[in-house]
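Good morning, and thank you for coming.

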Amino acid sequence: MSDDQEEMIRDFLVESFENLDRMDQELMILEKEPNNMAVLNSVFRTIHTIKGTCGFFAFENLESLGHIGENLLDSLRAGKKKLTPEITNVLLKMSDAIRELLQLIESTGSSGDNQYEDLKFLLHHHNSTGSAEAAPAELTLEEQFAAIVAEREAMEQSQENLEEATEQRSEEVAVASTQPQEAVEPEVHESSEEHGADKGAAEAKTDRKSDANLEAQKAQESGGLQDSSIRVDVQLLDSLMNLVGELVLARNQLRQITSTSQDQTFQSTFQRLNIITTELQEGVMKTRMQPIASVWGKFPRVVRDVAQQCSKKVRLVMEGKETELDKTIIEAIKDPLVHIVRNAIDHGIELPANRKKAGKNEEGTLTLRAYHEGGYVMIEIQDDGGGLRIEKIKKKAVERGLISQEKANTMVDQEVFKLIFQPGFSTADQVTNLSGRGVGMDVVRINIEKIGGALEVDSEEGKGTKLKIRIPLTLAIVPALIVSCEEDAFAIPQVSLIELVRLDEERFDTDLENIKGATFYRLRGNLLPLVYLSEELRINMTRPQHRERKKGKARVINIVVVRADTQVFGLVVDDVHDTEEIVVKSLSKSIKGLGVYAGATIMGDGRVALILDVMNLAQRAQVINERVGAQEEENASVTSVSMTEEIPLLIVELGNNEPAAIPLDSVKRLEEFSASKVEFLNGRSVVQYRGGILDLIDLRTVHGYAGQGSSQDDDACQVIVLNDNNRQVGFMVRGIMDVVKHSIDTSRTASRHGSKGAAIIQDRIMDVLDLSMMAL
Amino acid sequence: MSQNSQGISPRQIATFRVGSMLFGIDVSIVQEVIRAQRMTRVPLAPPVVKGLINLRGQILTAIELREVLGMDPRPEDQPPMNVVIQTDSDNISILVDRIEDVLDLDTTRIEETPETVEKCYRDLLDSVYKLDKGLLLVLNPERVAKFSDEL
């Protein structure tokens, strides 16, 4: 096959796929408006074009299928037949069959042998029952083949012929047409009549010629529309994006130089260059943006088909079709979205009878919503079905061994919802044909996370389920904050950035907490775990000096508050520099494998800086999952899970090895005093504290344990200072053990005064103390 | 490349010195040779990865040949030279002590890699040539590039 032909076939395929997609949508419209002539004509033209063009390429079965379909459509168009749901179904089947053939051509170069006899029969059947045509000239398949073969042998299949046909109105071969093609080609000359195979040949030829004329006509009619857009190879766009990226870098470097230059001409020329570069960058990014409608376009059909197969009634609402996404993102979410929609209809929306029983409208509603928020695209899929059944999910998960029964008992709803994304999970009693193609919800999640997105589920039993997908808009050029540790510079993508805090030494005491070797910063009342970049990267093996509180050195620590998924923590760096727009360049395998770097970039001054992977840092420092507490997000813009039932607890040892848990948010500070500092005042133990007096309550004895409270004078006491605005009370404990995030079982009757409930933490039962109450 | 009388094309090898040993790489894969460049350290990377270099907008990984060979580090006052090579896996720069000449080598003068060459070197070598003044160890660029990946 010659290159030219290959290219023509490629073009044919691309156009045909697009046209088929559009035709599906049109068939949906026709179902609701059977008399919409404009749409019906458009459908007809689509089939006609495909059928005609594929005649050039020896795709016989495709052409013959198209021919029969075209006949039916023509009858519909001429008003000889009425569009019924059965006919719509058959036409949709034809569309699928054509798609199949096109895909076969795409992969193998030929359209194969499948003649789709059954389908053709159906199409023929729907067309011929009760039709009252005058001189029907329906050819048998054999005649059509013979015609096409003869035709092909007679004419050289080439583009020149097509053009020729377009230009010339008269033909050497006589043409006869008894087919009702009136709307198509009024200019065909009918010089003489011939019969049999010739008629077929002539017909095929007429089709082809009329095709060409049709194309020309169409081109003229919609001339405006065609001119305003151009097909561009995606690879070309990619290379343009790369070049623009390099231009941005070069501009950044130039900016550094201009900042020190006094030359006016230089400055103004640079300004111009700056503006042009920015606009060029925006423009090129836009070229790859497509409205999400291009993905949603096929959903009406999908919803219809799935609903039919499940015997359910579903209404589809789509909001925000014009929301734009980068092409690569669109490609990546296509399949996951289809799967989610299928799931929603298959498992979410109930059968009409059940819905009626539940007092709902028999027809379920599926809403697709897309919008921009922050630097993200949000896609919501909401159904008003039965919602996720918590107990059922829990049961299934325990059955599958995904979680233990105990865990199932203490799980929060949100955690249960997340279970559906575990591999191998399906509460469907049978994996149906639709939702079981090896594309489970876990694959959906993985595909979305691959492009940097995140998934969230919200559901209410009986009311419905909402799936929310958040995908970053960022591409290869991202704004980033440049920080440094010693002399090494690093870049932190702005999308992970929340805020910057600069802590002077004088506030170290008040705002920093040290719990079991981990440092926390009190950010507006919440404890933020701190991660020292120099330690994580082992740049400086000695602990940062401020932690040892060296006197005489004014120290400042810079905390970059970042977010990794739903976890917020503070990254401590030596210095914070500017925000720069950086071009992300990939790293070699050995460095990429380290995980902690997301890429590298060249900064304005020409130096190479490594881009930090915030998520990986969080995992390394074990800031994510388990270990540390008090992660509460200020903003609900990322509608994250608010773990109301699991709270951070400080585990302490009271006396005699007995552990107790204290809600961390009631702890103001942790102090240590030497026993000798404890004084007695009016029968109370007190200690001088921060210019005032701190009342002390000895938890080591309060709970009825043999008073080991009178320890030796040098013993240091661990004191937990209550977080209470009215007074200062400190609780003495034997030791501070750990900080965990756990839920409290408030159902257990408090075993002693001052207890909020109980918890089983690390296999030990302990009381959760209510310090405020105990302080009374 | 001209052919000698026996019809065998000699190879052109770019040579460089590391320590007392002479190494070489086929000149066709050498993109350029430049002096020491400003390098950005990569914390946590294995010692063979000396850093990253910005070469006219291209970010290269600099591999220290001394580390690859297990030799002592270069003295502080002796800046390295960069041999930038293009491999299938990556574009990297090999750090060496000194650049020497490009030699036309007759393939008839290939020697077996002597037993005395340590195992770790042998894996990296493509071939060994006997020169008038000693041995030339020709490196296999892919294996050098992959060396850091496999750590």
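This is a predicted model: local features need pLDDT of at least 70, side-chain atom pairs count only at pLDDT 80 or more; totals for chains, interfaces and linings use all residues.

Residues are numbered from 1 along each chain as its sequence is written, chains are lettered from A and ligands numbered from 1 in the order in which they are written, and side-chain values use heavy atoms, with hydrogens and water left out.

Let us turn to the interface. How many residues of chain B are in contact with chain A? There are 17, and they touch 24 residues of chain A; contact means heavy atoms within 4.5 Å. The size of an interface is often given as the accessible area lost when the parts come together. Here the buried area is about 1,800 Å², and carbon and sulfur atoms give 63% of it; this is the accessible area, taken with a 1.4 Å probe, that two parts lose on being put together, summed over both.

Across this interface the rule finds 1 salt bridge, that is, a side-chain nitrogen of Lys or Arg within 4 Å of a carboxyl oxygen of Asp or Glu. The side chains involved are those of B:Arg41 and A:Asp488, at 2.4 Å from N to O.

Which elements of chain B give two or more residues to the side that touches chain A? They are strand E5 (49-55), strand E6 (58-64) and helix H3 (141-149) of chain B. Helices (H or I, at least four residues) and strands (E, at least two) are DSSP runs, numbered from the N terminus. E5(B) gives the most, with 4 residues.

Now for the sheets. Strands of a sheet pair through backbone hydrogen bonds, either parallel or antiparallel. Two strands count as paired if DSSP finds at least two bridges between them. In chain A, 5 strands form an open sheet with mixed pairing, in the order E2-E4-E5-E7-E6. Its edge strands, each pairing on one side only, are E2 (314-319) and E6 (454-460) of chain A. A:His372 stands opposite A:Val377 in E5(A).

Chain B also has an open sheet, of 6 strands with mixed pairing, in the order E3-E7-E8-E6-E5-E4. At its edges are E3 (30-35) and E4 (39-40) of chain B. E3(B) pairs with E7(B), residues 81-86, in the antiparallel sense over 5 bridges; B:Ile34 has B:Asn82 as its bridge partner there.

Elsewhere in chain B, E1 (residues 11-18) and E2 (residues 21-26) run antiparallel, joined by 6 bridges. E1(B) and E2(B) form a hairpin with 2 residues between them, and B:Gly19 in the turn has a positive phi of about 65 degrees. E2(B) is also joined to E12(B), residues 134-139, by 3 bridges, and these two run parallel.

I end with salt bridges over all chains, of which a search of the whole structure finds 38. One of them links A:Lys468 and A:Glu380, with the closest N and O atoms 3.8 Å apart. A:Lys468 lies in strand E7 (residues 464-472) of chain A and A:Glu380 in strand E5 of chain A, so the pair ties together parts that are 88 residues apart in sequence.
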